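Here's a quick briefing to read alongside the model.

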Amino acid sequence: MSGRRGVRTLVGMSAGAVLGMVELVFLCVAGPLRLVPAMRPTCDRIAERLLSFERARLATWLGHRTAPAGGGYGFLVVRATVGSVVGYGVAAGLFFSGLLLFGGSWDLLTGESESVPIRLPGVKVISNIGVVGVLTGGFLLVLTQAGALAAGAAERLLADRFFGPTPQERMRRRIAELTATRSDIVRAVDDERRRIERDLHDGVQQRGIALAMLLGRAQHTADPAKSGELVAQAYSESRRLLDELRSVAWRIYPTALDELGLRTALAGIAERSSVPVAVNYGLVERPVSEIETALYFIVREAINNVIKHAGARDILVDVDEDEQTISVTVCDDGAGGAAPSGGGLSGLARRVRALDGVFTVHSPPGGPTRITATLPKEVPCA
């Protein structure tokens with residue numbers, strides 16, 4: 001990984017040398033031209049095109065994405081004067097190290113390398129030109145790569161300075177984000193309360209009324225056979241009432257999540273689903289409680305939405321992680337066309353944003369639908 005990064009950085013810095021020279025020529029020409037009002041729009045368009053090339057170079061070769069706007073002439077001035085010099089230094093280091101490596105290797109392979117005596121006071125050393133060339137070229141290449149990595153880090157800092165927002169702007173955005181997140185949390189809690197009330201009213205309460213009616217009829221029936229039949233019906237209704245209560249409790253919060261972990265809880269969702277669900281679980285350790293709970297409800301609500309609206313035949317749940325984040329993806333082969341602004345998906349988006357996560361929905365008409373949530377491994381602090 002580090003070797004590939006070093007090669008990409010070397011290529012990026014070499015490309016930056018060429019681009020820096022173009023920027024230097026442009027600045028020398030654009031400086032006087034911008035004094036003419038009619039030429040300013042043309043100069044600004046060319047400057048923006050050069051900045052777009054810089055963003056592409058930073059993203060492709062230096063692995064650093066910047067804001068889609070910003071930078072301006074300040075970035076071009078610094079890049080043209082400093083970046084081009086550094087870039088040409090890297091390019092020169094690559095050229096001479098490659099020349100030495102090639103020449104030394106060629107001498108060693110063809111047997112044309114000569115041994116030259118070097119006399120020092122009291123010491124006589126025989127030096128092979130091919131070996132010296134290879135060693136010197138290798139050392140120069142390592143030195144060039146180290147310089148390129150340092151220059152690449154400086155370029156990323158430079159991009160953050162000119163392309164990124166100011167500290168005050170970052171603070172303003174963070175305050176706005178936290179304000180919106182707080183509202184999202186309140187709305188999500190209210191939505192959850194309404195859902196629990198509907199479950200209790202439409203399920204548990206109706207079965208409780210039916211049970212009370214059956215027992216009342218049995219109490220006022222003089223016929224023992226009829227009374228026994230009503231009691232049997234009341235018993236069956238009480239069993240269904242208990243099942244409904246367990247289902248509501250499981251939808252509110254599954255005890256298996258605390259006791260056995262996310263893998264078992266997701267397996268329970270898959271078993272209860274009326275559509276076949278395959279779960280790929282790639283986490284090495286259990287997430288922290290808040291993140292684990294969010295992952296569970298994201299999968300559960302996404303699968304419920306698929307069952308209600310998508311008409312899918314199969315659902316795939318993939319849970320994976322990297323060094324900083326945990327991601328969960330729910331895919332289905334249904335009809336597609338899911339609206340991110342819909343009640344279910346917007347609720348999931350609010351839950352993810354409350355934890356500084358990213359929520360995306362890709363659902364073209366005709367399918368398939370892909371819902372992805374990426375959450376930090378640690379609970380964010382305000």
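The protein chain has about 22,200 Å² of accessible surface, and 63% of that belongs to carbon and sulfur atoms (areas come from the Shrake-Rupley method with a 1.4 Å probe; for residues, only the protein chains shown count as cover). Keep in mind that this is a predicted model: local features need pLDDT of at least 70, side-chain atom pairs count only at pLDDT 80 or more, and totals for chains, interfaces and linings use all residues. Residues are numbered from 1 along each chain as its sequence is written, and side-chain values use heavy atoms, with hydrogens and water left out.

**The chain overall**

- The protein chain contains ten helices and seven strands (DSSP runs numbered from the N terminus: H or I of at least four residues for helices, E of at least two for strands).
- Of the 382 residues in the protein chain, 34% are buried (buried means under 20% relative accessible area, exposed over 50%, partly exposed in between, with a 1.4 Å probe and protein chains only).
- Among contacts in the protein chain with a separation of 6 or more, 68% are between residues 24 or more positions apart (a contact is heavy atoms within 4.5 Å).

**Helix α2**

- Helix α2 covers residues 40-61, and its 22 residues reach 31 Å from first C-alpha to last, close to the 32 Å expected at 1.5 Å a residue (the expected span is 1.5 Å times one less than the number of residues).
- Which residues of α2 are buried? They are Cys-43, Ala-47, Leu-50, Leu-51, Glu-54, Arg-55, Arg-57 and Leu-58.
- Looking down the axis of α2, those buried residues fall within an arc of 160°, so they line one face of the helix (the arc is that of the directions from the helix axis to the C-beta atoms).
- Arg-45 and Arg-49, on the other side of α2, are exposed.
- After α2 comes Gly-63, with a positive phi near 60°.

**Salt bridges**

- Searching the whole structure turns up nine salt bridges (a side-chain nitrogen of Lys or Arg within 4 Å of a carboxyl oxygen of Asp or Glu).
- One of them joins the side chains of Arg-34 and Asp-44, at 3.5 Å from N to O. This pair links distant parts of the chain, ten residues apart: Arg-34 sits in the loop between α1 (2-33) and α2, and Asp-44 in helix α2.
- Both partners have some cover: Arg-34 is partly exposed at 29% relative accessibility, and Asp-44 is partly exposed at 31%.
- Glu-292 and Arg-286 form another salt bridge, with their closest N and O atoms 2.7 Å apart. Glu-292 is buried at 3% relative accessibility, while Arg-286 is partly exposed at 46%.
- Glu-301 and Arg-300 also meet through their side chains, at 2.3 Å from N to O, and Arg-300 is buried with a relative accessible area of 2%.
- Arg-207, Glu-237 and Arg-240 are tied together in a network of salt bridges.
- Glu-237 belongs to helix α6 (residues 224-252) and is buried at 8% relative accessibility. Setting aside neighbours within four places in sequence, Glu-237 is in contact with Arg-207, Ala-210, Leu-211 and Leu-214.

- Gly-311 follows α9 and has a positive phi, near 65°.
- The count of aromatic pairs comes to one (ring centres of Phe, Tyr and Trp, using the six-membered ring of Trp, within 6.5 Å; planes under 30 degrees apart are stacked, over 60 edge-to-face, the rest tilted). That pair is Tyr-296 with Phe-297, edge-to-face at 5.1 Å centre to centre and 80° between the planes.
- Tyr-296 and Phe-297 are both buried.

**Asp-356 and strand β6**

- Most residues other than glycine have a negative phi. Asp-356, a residue other than glycine, has a positive phi near 60°.
- Asp-356 lies in the loop between α10 (343-353) and β6 (358-362), and is partly exposed at 31% relative accessibility.
- Thr-360 is in strand β6 and is partly exposed, with a relative accessible area of 40%.
- Not counting residues up to four places away in sequence, Thr-360 touches Arg-370, Ile-371 and Thr-372.
- Thr-360 and Thr-374 are 14 residues apart along the chain, and their C-alpha atoms are separated by 8.8 Å.
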